[in-house]
Amino acid sequence: MNPDLMTRTLLYLDGVSVSFDGFRALNNLSFTILPGEMRAIIGPNGAGKTTMMDVVTGKTRPDAGHVIFDGKVDLTKQDEAAIASLGIGRKFQKPTVFESHTVWDNLDLAIEGARDPASTLFHMEGEERDRIEEILGIVRLRERRYELAGALSHGQKQWLEIGMLLAQNPKLLLVDEPVAGMTDAETAETADLLREIARTHSVVVVEHDMTFVRDLGVKVTVLHEGSVLAEGSLDHVSADPRVVEVYLGR
Amino acid sequence: MVLRRLLYALALACALLAPVQPAIAQADTASLIQALGEAKNYTELEQAVDALAATGDSAAVPALEALSAGALYTKKLGGAVLIGVERGADLALTDPLTGESAGTEPAGGYERIRVNNRLRRALRGAIGALTLLSPKPDVRQAAAEAVYKNRDAGALEILEEALAKESVASVRVAMIEAKAAIQLAGEADDATKLAALEIIEKRGGRESLALLGQVSANASPAVAEAAQAAVKKIQAELQWWAILQNITYGISLGSVLLLAAIGLAITFGVMGVINMAHGEMVMIGAYTTFMVQEVIRTSFPALFDVSILIALPLAFLVAGAVGVAIERGIIRFLYGRPLETLLATWGLSLILQQAVRTIFGPTNREVGNPSWMSGAFDIGQISLTYGRLWIVVFGLIVFAALMLMLRRTPLGLQMRAVTQNRRMAASMGIRTPWVDAMTFGLGSGVAGLAGVALSQIDNVSPNLGQGYIIDSFMIVIFGGVGNLWGTLVGAFTLGVVNKFLEPYAGAVLGKIFVLVFIILFIQVRPRGLFALKGRAVEQ
Amino acid sequence: MKGGFLLRGLDRGGLIFLAIVLGVGILVPALNLLVPPGNPFHVPGYAVSLVGKYLCFALLALSIDLVWGYCGILSLGHGAFFALGGYAMGMYLMRQIGARGVYANPELPDFMVFLNWKELPWYWYGFDQFWFAAIMVIAVPGALAFLLGWFAFRSRVTGVYLSIITQAMTFALLLAFFRNDMGFGGNNGLTDFKDILGYPVQAAGTRATLFFASALALALGFLLCRAIIRSKLGKVLIAIRDAESRTRFLGYRVEHYKLFVFTLSACMAGVAGALYVPQVGIINPSEFSPAQSIEMVIWVAVGGRGTLIGPVIGAILVNFGKTYFTAAIPDFWLFALGGLFIAVTLFLPKGIVGAVTDWTKRYRKTPSRPDPVAPKPAE
């Protein structure tokens with residue numbers, strides 16, 4: 001552990017290992033995200049991208065290693081709700097919105113605020129109306145605010161989920177394959193949206209789509225077999241022969 | 001010591017199963033017993049007794065014992081010799097040779113055969129000679145055991161004679177113990193009594209305890225103290241036997257639970273289908289057994305002993321067919337909706353129960369035990385029934401067969417493939433709907449087999465299945481869903497725990513404790529004893 | 001702010017429902033007391049008790065729906081909460097008998113005298129006071145639900161596992177209450193009640209009052225549920241029902257929400273049980289039987305879970321059917337009930353109310369603001 005580095009970073013992973021029935025999904029994984037940074041994480045299937053997110057958000061407990069958030073909190077000791085309250089938002093690979101709630105209610109549930117039952121029970125509508133309207137505008141769902149989220153198209157669900165992330169106003173956004181199943185035009189728009197968000201938040205994007213990663217134009221971390229293979233600009237890592245080998249096969 | 005007791009049990013079992021005496025000897029003995037009634041004076045009677053003793057036929061013993069006790073009578077009309085017990089002015093009569101009842105008749109029609117002291121001694125000698133000196137070791141053994149129990153001081157002389165001749169080790173031990181018992185109960189010096197105590201203490205068991213209890217009352221302080229110590233030691237030993245007995249009860253209960261739960265381990269554990277009608281599959285198996293026995297009773301009575309063997313495949317097929325019908329008719333529409341499957345199958349269980357109630361009536365139906373499943377035997381201080389023993393064996397066989405089926409057959413392979421990754425299995429060309437139906441049918445069929453076994457120990461009524469459903473679910477969850485070994489361990493653990501709680505808490509409270517324990521256990525290990533790990537489980 | 005909270009449930013639909021329930025609550029006793037027997041509008045006494053019983057069942061169904069329809073927790077042990085509330089009330093009623101029992105013991109209920117008990121067990125203390133019993137009616141089921149929920153929800157026991165645990169819980173209680181040593185009357189339970197609050201239980205006036213109390217309790221329960229469902233907490237509950245882990249990642253402590261709603265629901269069930277006992281005149285361990293609890297679930301399923309009117313309609317319809325068929329064709333009832341379970345899950349997953357709503361929506365073909373509480377058919 002490097003205490004100096006740790007206090008300066010927003011997210012600090014050090015020697016994290018996870019194994020399922022003997023299969024090592026994460027193998028001594030270490031990397032850091034600085035405050036305000038946007039980072040793309042790529043890697044072939046089974047590289048441990050989703051498991052990494054699971055560890056950060058508290059879904060999976062690592063067998064070893066430290067995950068420090070904001071220079072002080074050890075995330076491996078917290079559960080999902082606590083981690084979310086600390087300011088880490090997550091968008092899932094498969095869009096998960098509350099399908100029998102309206103778009104509006106989805107955002108209302110996500111919006112910053114007290115999360116305990118007593119507060120929600122006596123919560124009065126309207127306090128966050130303006131903010132929800134604003135987010136609806138950003139994710140272009142203003143027209144469909146009263147429709148059930150289940151009735152949205154795949155791309156719209158992805159956007160709604162990003163909107164929910166915005167509503168949460170987290171310090172760190174973990175975005176898992178935001179453009180899967182989107183058209184090229186939608187992909188480009190999503191890249192714009194994420195860049196916009198990155199101005200005020202730290203963002204980690206996991207993505208397969210290389211054009212999209214290029215559009216983002218940020219530092220890239222390549223994962224392979226549960227640990228970092230290479231790190232740097234997209235051009236830099238694509239020139240790395242080990243990365244080429246991993247992606248193109250042996 | 002355990003070995004010795006095992007030998008005892010074996011010897012006793014041999015004695016019980018030994019073929020009846022040859023017919024010629026029987027006839028001879030019968031006429032000699034008849035002669036007892038024809039004797040005109042004590043001398044003639046003594047000669048008749050000696051003649052009986054000379055036959056060496058232990059079948060004569062009851063008659064001689066009755067004579068000694070003054071319970072042997074001759075009928076005034078015809079002179080038949082019978083054993084009689086006074087019932088007011090009447091005599092309850094039994095045949096001295098066969099032991100069969102010969103009815104009750106007025107005592108006035110009978111004359112008691114009188115004996116004097118001299119004759120009593122002769123009788124004791126004759127009985128001892130017939131039993132303790134019998135050429136058959138098992139008869140000698142039983143006689144020694146009998147002496148041990150009644151501690152008749154008069155038998156000491158002949159016992160010592162027998163002991164001097166005895167060559168079979170186990171019978172010798174029994175005789176030494178019998179002698180010690182007589183010495184302890186009767187008049188003897190302290191040294192003899194202390195030596196006898198040691199022998200009794202070694203023997204152990206509840207009867208020795210009773211004997212030792214009597215000793216302390218009329219003995220010198222030294223003997224009484226030694227007796228006390230011996231009592232303590234035997235009691236400690238008996239406690240161990242009680243634990244062993246509890247374990248056997250627990251294993252027996254565990255095997256019943258295993259049989260009830262194992263079908264569920266397939267439908268719930270492997271397929272993830274909540275079948276609340278599982279208990280009714282068990283009930284169907286039990287009623288199939290009843291039907292098979294009905295047909296056999298009316299048409300082929302000779303086959304009764306194999307009725308269970310006939311019922312087994314039939315119950316498997318009937319319950320399995322009902323299972324396939326349920327899967328095709330209801331459950332396949334509800335895959336992925338476990339709570340609704342639960343409700344629908346509960347509804348089905350109500351219908352099945354009511355249907356059986358309408359057809360067979362609400363009362364218990366009689367299902368008989370074949371001869372090879374009835375009766376009991378002892379090992380040391382614990383007793384086992386053959387029925388329970390067979391159910392344990394049967395439960396393990398079913399378990400092993402299922403294990404083999406899942407591991408070694410193409411159907412088993414397909415089942416595992418479908419449960420692990422349905423879509424992948426389908427694209428490999430496995431007909432997943434067919435596999436679903438077969439898996440469910442298999443689970444139900446196994447429940448039917450359990451029904452055959454349970455019909456032997458439980459009431460066959462429409463409610464039979466309901467009594468097992470909650471237990472079965474508890475066991476499958478406790479053991480770990482999707483793991484047959486977990487079900488095995490879970491069933492036997494819960495069975496044994498239950499039986500250990502029973503003496504302290506009573507049957508009902510014990511069951512409550514077990515339920516509460518499992519409820520708490522699931523909180524600690526939500527996925528059971530042997531949880532499946534890995535990423536697939538997380539989703 | 002809290003005053004506004006309950007009023008939140010009072011929209012048009014809520015008002016109509018309240019009007020109907022309270023109207024029935026007044027009309028039925030009035031027709032029983034004021035209209036002379038023989039008049040075609042007279043409601044006989046037994047019918048008042050019978051409908052009163054249905055109202056208690058409706059409140060019970062409402063409590064099950066709150067956890068199942070809105071939070072996805074299928075409890076197969078709500079009969080236990082109902083019965084515990086009933087026993088608490090029954091204990092009060094037993095103490096009111098006083099020296100009028102068969103053994104005329106002023107302190108001990110008859111069954112304790114029969115068992116040769118010399119003094120009242122400690123857990124019977126206080127039940128001679130109505131206020132104490134009334135608190136216990138809510139506190140005992142609530143405490144049990146809280147305890148079970150505390151462990152289960154924290155360990156993330158969900159779905160069928162939770163259902164089976166709740167079933168095991170009620171089964172354990174069934175066995176326990178059958179025991180004479182427990183001090184709750186064993187097999188026979190508590191019965192032969194005389195007075196409630198000084199009025200004879202059997203009297204027409206008491207019966208009418210109990211009926212009205214049941215209607216009022218149902219109305220209040222409905223209002224409470226409605227207010228909860230329409231609050232943000234209600235939205236969180238539905239979010240938990242549909243995507244539990246997603247809700248966690250938004251920062252909600254799912255276990256706290258589940259615990260709140262499960263405990264509240266148990267308290268409601270306890271109240272229903274307490275009102276049920278004086279109207280039927282007996283409480284015995286059979287109320288704890290797992291079969292009873294599952295039957296309650298089907299009331300909710302028939303009416304339509306995830307709607308608040310559904311369970312009320314379902315409870316009344318199914319129980320009316322049960323009363324009718326068990327008298328007319330007893331053998332048929334279990335076939336009908338079993339068939340109902342299968343038919344509803346296969347063909348009517350949203351229940352009667354859900355089906356009617358769907359049908360009217362299709363008829364109107366105007367997708368205005370949809371009902372935010374419509375249940376998802378698939379669990």
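## Exercises on a predicted model

C:Tyr87 and C:Phe184 are both buried. Keep this pair in mind as you work through the predicted model.

**Exercise 1.** Work out which kind of aromatic pair C:Tyr87 and C:Phe184 form.

*Solution.* Start with the distance: the ring centres are 5.9 Å apart, and rings pair if their centres lie within 6.5 Å. Next, take the angle: the planes stand at 75 degrees, and over 60 counts as edge-to-face. The pair is therefore edge-to-face. Now place the residues: C:Tyr87 lies in helix H4 of chain C and C:Phe184 in the loop between helix H7 and strand E1, so the pair ties together parts 97 residues apart in sequence. Finally, look around: ring pairs link both residues into a cluster that includes C:Trp122 and C:Phe288.

**Exercise 2.** Describe the contact between chain A and chain C.

*Solution.* First, count residues: chain A gives 34 and chain C gives 32. Then take the area: about 3,300 Å² is buried between the two chains, with 62% from carbon and sulfur atoms. On the chain A side, A:Phe98, A:Leu121 and A:Phe122 lose the most area to chain C. Last, look for charges: six salt bridges cross this interface. One of them joins C:Arg156 to A:Glu80, with the closest N and O atoms 2.6 Å apart.

Methods: Residues are numbered from 1 along each chain as its sequence is written. Chains are lettered from A and ligands numbered from 1 in the order in which they are written. This is a predicted model: local features need pLDDT of at least 70, side-chain atom pairs count only at pLDDT 80 or more; totals for chains, interfaces and linings use all residues. Side-chain values use heavy atoms; hydrogens and water are left out. Contact means heavy atoms within 4.5 Å. Buried area is the accessible area (1.4 Å probe) that two parts lose on being put together, summed over both. A salt bridge is a side-chain nitrogen of Lys or Arg within 4 Å of a carboxyl oxygen of Asp or Glu. Rings of Phe, Tyr and Trp (its six-membered ring) pair if their centres lie within 6.5 Å; planes under 30 degrees apart count as stacked, over 60 as edge-to-face and the rest as tilted. Helices (H or I, at least four residues) and strands (E, at least two) are DSSP runs, numbered from the N terminus. Buried means under 20% relative accessible area, exposed over 50%, partly exposed in between (1.4 Å probe, protein chains only).
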